[in-house]
Structures are given as structure tokens and as C-alpha cells.
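Please look over the model below before reading the numbered points, which are meant for someone meeting it for the first time.

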Number of protein chains: 2
Amino acid sequence: MKFSIKRSVFIQNLVDVQRAISSRSTIPVLTGVKISAHEEGLTLTGSDATISIEAFIPLADDNNQLKIENQGAIVLPSRFFGEIVKKLPSDTMYFEVKPNLQTEIRSENAEFTLNGTNADEYPRLPEINNEKSFSIPSELFSQLINHTIISVSQQETRPIFTGIHFTIGNGKMKAVSTDSHRLSQRIVPLSATENQDEISVTIPGRSLNELIRIIDSQQDIEMMLTDNQVLFKSGNIYVYSRLLEGQYPDTDRLLPHQHTTSLTIAANEFTAAVERALILSHEGKNNVVKLAIEPERVMLSGQSAEIGNVEEELNIVKATGDALNISFNPDYLKAALRTFASQDVVINFQSPGHPFIILPADHEDDFKMVQLITPIRTPGV
Amino acid sequence: MKFSIKRSVFIQNLVDVQRAISSRSTIPVLTGVKISAHEEGLTLTGSDATISIEAFIPLADDNNQLKIENQGAIVLPSRFFGEIVKKLPSDTMYFEVKPNLQTEIRSENAEFTLNGTNADEYPRLPEINNEKSFSIPSELFSQLINHTIISVSQQETRPIFTGIHFTIGNGKMKAVSTDSHRLSQRIVPLSATENQDEISVTIPGRSLNELIRIIDSQQDIEMMLTDNQVLFKSGNIYVYSRLLEGQYPDTDRLLPHQHTTSLTIAANEFTAAVERALILSHEGKNNVVKLAIEPERVMLSGQSAEIGNVEEELNIVKATGDALNISFNPDYLKAALRTFASQDVVINFQSPGHPFIILPADHEDDFKMVQLITPIRTPGV
């Protein structure tokens with residue numbers, strides 16, 4: 001195996017596939033990156049048990065300055081190989097695997113030799129056919145993930161909640177996540193699935209998080225499904241992920257359609273106030289911030305017995321309904337508000353003990369974009 | 001105590017004095033920042049046992065938008081106060097100490113109340129008169145510190161080596177540091193001291209490190225000395241530091257004036273090669289890189305038995321003298337070379353067992369700018 005390539009192109013692709021590689025993997029070969037040179041170009045692969053990322057660098061694209069002298073494949077230690085490639089002196093790098101798997105990486109006068117691993121030891125990626133496949137505008141898909149990734153559970157105790165649940169069909173794609181303290185939902189149109197029955201899958205949050213960092217925003221993303229795998233294609237990058245097994249609960253019944261109190265406020269202004277309040281609540285025993293909605297004003301407050309307290313009257317657009325005192329985790333509210341950027345949002349409350357929901361002010365009825373947060377019961381409320 | 005001020009001006013000064021404050025200080029009042037409002041303006045103070053930083057914000061400067069309604073002083077928890085001030089909603093902040101030391105910080109609708117500490121509990125800064133005082137161009141002083149700070153010892157076992165040793169007088173200032181593995185020396189002219197006897201002091205490296213981060217590069221820095229304290233004035237910032245006690249060893253005798261082998265090379269090119277070599281040496285049992293100087297070429301190499309090795313022929317400007325194989329800690333060489341930026345440097349060697357020195361190629365004889373590194377004896381060398 002022997003090739004030369006424009007180093008900046010190689011680095012860009014290497015960094016993408018390295019997103020899948022964990023240096024703490026218990027399977028030694030997966031701490032490496034696989035490099036294979038074949039008839040059509042170069043393929044880089046990184047993987048852990050959950051996600052695999054493949055980048056293809058075509059021979060046909062002159063910008064890559066790719067010249068393959070001998071085909072073949074090798075696995076190299078990912079972290080060192082990455083550091084080395086990034087520090088090489090010039091923008092052309094030469095790569096050659098010697099008979100005993102010793103791999104030479106050269107650029108100008110610098111010559112590295114790395115101990116490689118036989119590529120036959122590297123697991124094969126799943127074969128995925130075209131049967132169930134959808135094309136989605138990448139910008140819309142990123143929005144959908146960014147809106148729902150915040151409520152994915154970090155606890156492995158109920159694995160199904162570590163993923164985002166997708167329902168695809170009837171002309172739309174619905175994404176839901178919940179960690180049992182909060183819930184996020186986003187529904188986007190997907191015209192290609194108009195005549196198709198609904199399919200449901202749950203995809204690990206970690207896979208989707210890596211995916212949206214590397215997708216090409218200029219191109220549509222293609223999503224292909226099998227019973228236990230999903231493949232996303234974005235330009236020359238392929239992201240494979242296993243699906244989470246198990247039944248995702250019916251979350252529609254959790255979303256309240258009634259309310260007794262409603263606030264309209266600019267999401268970014270509320271975010272800034274919450275960020276001020278949590279400076280002190282983070283130091284308290286409980287990380288709790290209070291909202292007091294009264295006819296004449298709406299006050300946000302946080303405190304720490306040792307340090308002090310903060311109080312702020314919110315600039316609201318509109319408030320309707322009953323007076324209400326409610327307490328909640330400010331980190332949850334901050335994350336939820338940020339998904340709305342600087343939009344005006346409507347926040348609908350029922351009581352100090354019931355979950356409240358945040359909706360975009362210009363689309364509050366269709367529940368296409370919802371954040372739900374369960375309040376915290378505090379003494380005296 | 002009551003004032004209002006332009007928040008961005010206040011933050012800039014607060015960040016400077018916070019450099020002296022350690023949240024882990026064993027003296028509780030020193031985890032706070034002292035704020036005092038007086039006839040001439042506002043003074044902020046931060047301190048630990050070694051270094052104190054004072055920032056003065058004059059009433060007279062209209063840009064500060066400072067209005068003092070009541071004079072007074074208070075100590076507030078540094079970290080929280082800093083976070084709060086940075087997150088306030090507008091560029092005007094109002095500050096008021098209530099009778100029970102409760103301190104109100106207001107900006108637009110946000111109102112924080114922090115528990116303050118009586119300013120009488122805050123230690124007094126030393127009084128320093130004008131007796132021994134020198135003015136130094138700040139750019140030159142920064143260069144001098146940056147050149148020598150790298151060899152300051154991080155070990156508290158011999159406290160005198162945790163400082164930079166200054167000898168001032170006879171028209172020059174000489175700075176020396178050593179951690180016993182390496183040594184840095186820089187001499188700069190200081191015309192104001194031409195008719196003055198030599199004074200010697202050792203200033204903690206940590207104090208100088210903070211100092212060069214906050215000095216105003218537009219103005220000269222004034223250095224004032226007492227028996228156990230130094231004060232640096234840079235614009236409206238005052239940095240006080242205690243001096244290190246004890247005799248600094250005579251380092252002149254450590255600098256070799258003979259050599260058997262000499263290399264001339266661009267410092268930045270050598271730095272880049274060393275950075276490549278240390279990717280692998282950092283993984284080896286000993287962090288060692290080898291330099292092999294032969295008549296026809298100069299090779300730098302590093303290795304890790306597990307990962308692989310690297311070899312690079314250096315682009316040298318000139319090599320004279322005997323062939324030589326020498327090994328050293330690449331982190332020391334990298335730090336030393338970086339003090340020369342992209343200058344050509346001369347590196348003078350005596351033997352694989354003797355320290356070698358790095359000098360600027362255009363000023364190699366006067367020893368005004370020296371880095372010395374002790375090599376590492378490796379088996380087979």
C-alpha cells in the first residue's frame with residue numbers, strides 16, 4: 001500500500017472519522033483508524049461499538065492530489081497518527097506500508113514509522129441496502145437534532161432514553177426525547193414519505209450528536225434504515241449507527257393541552273436572566289430558581305444562603321391567566337430556551353406541580369416545536 | 001458606599017486584580033476582592049500571600065462614567081462577584097453597600113445582593129517609598145521575563161529557584177533563572193542606573209508571570225524596591241510582590257565559553273522538528289530525543305517502542321566542529337527555542353555529558369541572551 005495526498009484534505013477527513021474513535025475502547029483495534037487505498041480512492045474508517053464513520057476521498061477529484069501507487073489497507077493508532085499528520089512540515093504527505101506492517105509517513109525531511117495493525121482484524125461495517133431510504137435537507141435535520149438532543153438521558157439505567165425517537169411517514173418526521181424530567185419534540189415535513197406507512201426507530205443521542213457536527217450543510221442528508229442499523233450519507237461521509245432496542249413510551253399523552261397561566265417572552269432575554277439567576281442557584285443546596293407571576297409583574301429569583309441572592313423583573317411581551325409561583329432547574333430551562341434562539345416563546349403553565357411547556361409564539365398550536373419541563377416542588381410553594 | 005460606573009471599564013480592571021486571587025487561599029478574606037470608593041476614584045485590590053494587585057479607576061477620567069455618591073470599602077467573594085458583573089444586562093452598573101454589609105449590584109432590572117465582608121479585615125498593602133526606583137520600557141521588560149520565566153523551578157524544595165534573579169546597576173539589568181536542569185539569562189541596558197551600585201533581588205516567577213499579562217505595553221513600567229518587597233507600576237495598575245529570601249548562586253561560572261561542536265539553525269524550524277519528535281518521545285519510558293551531528297547531515301530522532309519512531313534531517317544554516325551524539329528532554333529544548341521566535345540561533349556543544357547553550361546568531365559573544373540545557377545520558381551514547 002502506497003499513496004501520496006494533499007495533507008489538508010487528508011486531515012479534514014481524518015478529523016471527521018476520528019469523532020467515532022474512543023481511545024478508551026475495550027477492543028484494541030478500534031482505538032485505531034483504518035486507512036484503505038482502492039481503485040476509486042482512499043477510505044478512512046473510525047468506529048466504536050455504537051457508531052462508525054467512513055470518509056471517502058475520491059481519486060477522481062484533482063483537488064485531493066491523490067496518487068495511489070499500491071492498493072491495500074492498514075490500521076494505525078488514531079491519536080498518534082492524527083498528531084503526526086497535523087504536525088508534518090509540508091502540504092504533501094507520502095504514505096507507505098512496508099511488508100511487516102511498519103508504516104512510513106513522510107513529508108519533506110520528516111519521516112515517521114508507526115507500528116500498524118493488520119486491517120483484516122478490523123470489524124466489517126454492516127451492509128445496508130436502499131430499501132427504506134429518505135432524503136432530508138441537512139439544515140432542517142440539524143435543527144431537529146439540536147432541538148431534541150438536550151433532553152436525551154445521560155443515564156444508562158434505561159438505555160432507550162439515551163436516544164432520540166423518530167417516527168417517519170405520512171409526509172413528516174417527528175423526533176422526541178425525554179430523560180423523565182423534561183421532554184423535547186420537533187416535527188418537520190418530509191414530503192418524500194407521504195405515501196408511506198409510519199416507521200419508528202430510536203437512534204443513540206451520541207451518534208446524532210457526532211453526525212450533526214460533520215454533515216455538509218450544502219447537501220441533503222440521506223437516511224437509510226435496516227432493522228438494527230441506520231446509515232446517514234452526507235456527501236462523501238457515511239455515518240453508521242446501531243439502533244436502540246426496546247419500546248419507546250407514548251409521549252403524546254404527556255404534553256398538556258390546557259393551561260391556567262401563560263407568558264409570552266423573547267427567548268434570548270429570558271435565557272440571559274436565567275443565566276444570571278443560576279450563578280447563585282448553582283451554589284445553593286438545591287439548584288432551583290423561582291418564577292413568580294403576578295398580575296403587575298413577573299419576577300425571576302435565585303439564591304444561595306451563603307453568597308447572596310438575585311431578583312429580576314422580566315421584560316415580558318404578554319401575560320394572561322392566574323398568578324403563579326413555580327420553581328425549576330435553571331439549567332433545564334436555559335437549554336430549552338436556547339433552542340428557540342431569539343424567537344418570542346409562549347410558556348404555558350397549569351400549576352406549581354405540573355410540567356410546563358415552551359412553544360414558539362408564532363406557532364403555538366401545532367406542537368411542532370415543544371419543550372416540556374417538570375417543575376421542582378420546594379417547601380413553601 | 002455607593003457608586004455607578006461604566007461596566008466594561010470595571011470588568012477590565014476587575015479581571016486584572018483577580019489574577020492575584022486564589023479561590024483556595026487559606027485566609028478567607030483573601031478569596032475576596034476589595035472595592036473601595038474614595039475622593040479620587042475607585043480602587044480594586046486582589047491578593048494572596050505572595051502577590052497583590054491594585055487597580056485604580058480615576059474619577060477624573062470621563063470615559064469611566066464613574067459617579068461616587070458615598071465613599072467606603074467592602075470585600076466581596078471574588079469569583080461570584082466577577083461572574084455577576086460579567087453577566088449584567090447593560091453597560092451601566094450601580095453598586096451600593098447597605099448597613100449590614102449586604103451589597104446591592106444593579107443593572108437594568110437585575111438586582112443582586114451579595115453578603116460582603118468588612119474591609120477592615122483586609123490586610124494592608126506594604127508602604128513602598130521612592131528610594132530605589134527604575135523606569136523600564138515595558139516591551140523590553142516583557143521580553144526579559146518571557147526569556148527567563150521558562151527555567152524557573154516549579155519545585156518548592158529550594159524556594160530561591162522559584163524566582164527570577166535580577167542584578168540591577170551599572171547601566172544594565174540582568175535576569176537569570178535556573179531549575180538546575182536548565183538556565184536562562186537575559187541582559188538589557190538600563191541607562192538610568194549607570195551611576196548606581198548593583199542591587200540584587202529574587203522575585204517569585206508567579207508574580208512576574210501575572211505582571212507581564214497585565215502591563216500596559218504603551219507605557220514604561222516603574223519598579224520600586226524595599227528590602228523584602230517590590231512594587232511595579234504600569235499605568236493605573238500596581239503589582240506588589242514579596243521578594244524571595246536567600247542567596248542566589250553565582251550562575252556565571254555555569255555558562256560554558258568553549259565548545260567543540262556548533263550548529264546554526266532557524267529557531268522556529270528547529271522548534272517544529274522538536275514538536276514532531278516529542279509526539280513519540282512523550283510516549284516512551286524516558287522523554288528523550290536524540291540529535292546526531294555528522295559531517296554530512298544533522299539528524300533529530302525520537303521513539304516509543306510501542307508506537308514507532310521519527311527521524312528528520314534538519315535544515316541547518318551551518319555546522320562546525322566535531323561529530324556528536326547528544327540526548328535531551330525535548331520539552332526543555334522547545335521552550336528554549338521558542339524564546340528566540342524565528343531568529344537564527346547558534347547552539348554550542350562540548351560533549352554528550354556537558355550542558356549546551358543556545359545564543360542568537362547575530363549576538364553570540366556577549367551572552368546577553370542565553371539558554372542552557374543539561375543533556376540526558378542515555379545507554380549507548
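This is a predicted model: local features need pLDDT of at least 70, side-chain atom pairs count only at pLDDT 80 or more; totals for chains, interfaces and linings use all residues.

1. Residues are numbered from 1 along each chain as its sequence is written, chains are lettered from A and ligands numbered from 1 in the order in which they are written, and side-chain values use heavy atoms, with hydrogens and water left out.

2. In chain B, 9 strands form an open antiparallel sheet in the order β15-β12-β13-β14-β27-β26-β25-β19-β23; strands are DSSP runs of E, at least two residues long, and two of them pair if DSSP finds at least two bridges between them. Because β15 (199-204) and β23 (318-321) of chain B each have a single partner strand, one side of each is left without a neighbour in the sheet.

3. Within this sheet, β14 (residues 182-189) and β27 (residues 369-373) of chain B run antiparallel and are joined by 5 bridges, and Q185(B) has V370(B) as its bridge partner in β27(B).

4. Chain A and chain B bury about 2600 Å² between them, 56% of it on carbon and sulfur atoms, where buried area is the accessible area (1.4 Å probe) lost on being put together, summed over both parts.

5. Across this interface the rule finds 2 salt bridges, each a side-chain nitrogen of Lys or Arg within 4 Å of a carboxyl oxygen of Asp or Glu; E283(A) and R79(B) meet in a salt bridge at 3.8 Å, N to O.

Notes
Helices (H or I, at least four residues) and strands (E, at least two) are DSSP runs, numbered from the N terminus. Buried area is the accessible area (1.4 Å probe) that two parts lose on being put together, summed over both.
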